[in-house]
Amino acid sequence: ELGALRERLREHEAEAPAWLRQAQAEGWVARDEHARAMAALQEQVRALRERLAQLEAAADVKAREAARLQAELAAAVPRAQHEAAEAGLRAEAAELAQRLQELERRHEKTCEEVFRVQRQALFMKSERQAAEDRLGAAQKQLEQAQDEARRLQELHGHAEDAARLVRDRDRKITELSKEVFRLKEALNALPKLGGTPQSPPNTAMLQARIRALEEKLEETETRHSKVVTLYRSHLLYAVQ
């Protein structure tokens, strides 16, 4: 404050009056305005000098007080002890600074570990979500496979039924074919009569029997063909 006040006083004493004198000389301000400005400036300079004197007196008192305290300190504490205490304090300050650096390193390491754990947790969360998605897809595929297996079992049962029906039809066709052949042999073995051909009752019955068997055989073969076609379509679907 004392230095700033001295600088302000120098500016007022040197620069401001010169500026006012130049302004009056060049006709910038009137004479009475110049007089009022000079009076105000002189009043400010006087106040600044009084304040400066007060501060200088206070500074002198503070300087004497500081010298007295330094003398008392020197008398109360030996220089060697003072230097030792100062060295101890500096060592303690250095140790505290080192501990602070260590704490900062540990804090930084802890932050890195926390970040790593958070990143790993986020990765595990995404992996868990992906695993759950894969599990859901696998369960859906399993359900579809189970449904397909049930359909295949049903088709297999239908195929077995169809195969059994085909075997039955084959057996019936074979039996009917044998019966027709046997009846034809029996018909051919009958004696032929002279004159107007008259079919004996047995011959007419045999012929009617043969026609009925042939019609039944034809019908059975038609149904057999349909069953075989259905059986083949079931087998083809099951294979696919």
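Predicted model: local features only at pLDDT ≥ 70, side-chain atom pairs only at ≥ 80, totals over all residues.
**Stop 1: helix 2.** Start by selecting residues 31-76, which make up helix 2, and show the side chains of Arg-46 and Glu-50. These two side chains meet in a salt bridge, with 2.4 Å from N to O. Glu-50 and Arg-46 are about one helical turn apart, because 4 residues separate them in this helix. Colour by accessibility if you like: Glu-50 is partly exposed at 40% relative accessibility, and Arg-46 is partly exposed at 39%.

**Stop 2: helix 3.** Now move to residues 79-189, helix 3, and pick out Glu-113 and Arg-116, which lie 3 residues apart, about one turn of the helix. Their closest N and O atoms are 2.3 Å apart, in a salt bridge. Glu-113 has a relative accessible area of 37% and is partly exposed; Arg-116 is also partly exposed, at 37%.

Stay in helix 3 and select Asp-147 and Arg-150, again 3 residues apart, about one turn. Here a salt bridge brings the closest N and O atoms to 1.9 Å. Asp-147 counts as partly exposed at 31% relative accessibility, and so does Arg-150 at 43%.

The model's salt bridges come to 10 in total.

**Stop 3: helix 4.** Finally, select Glu-215, Glu-218, Glu-219 and Glu-221, which gather in a negatively charged surface patch. Glu-219 sits in helix 4, residues 201-239, and is partly exposed, with 49% relative accessibility.

Technical notes: Residues numbered from 1 in each chain as written. Heavy atoms only, no water. Patch = residues over 30% accessible without salt bridge, like charges linked within 9 Å, V, L, I, M, F, W, Y side chains within 5 Å. Areas by Shrake-Rupley, 256 points an atom, 1.4 Å probe, with all protein chains shown as cover. Salt bridge = Lys/Arg side-chain N within 4 Å of Asp/Glu carboxyl O. Lys, Arg positive; Asp, Glu negative; His and termini not counted. Charge placed at Lys NZ, Arg CZ, Asp CG, Glu CD. Helix = DSSP H or I, 4+ residues; strand = E, 2+ residues; numbered from the N terminus. Buried < 20%, exposed > 50% of the residue type's maximum accessible area, 1.4 Å probe, protein only.
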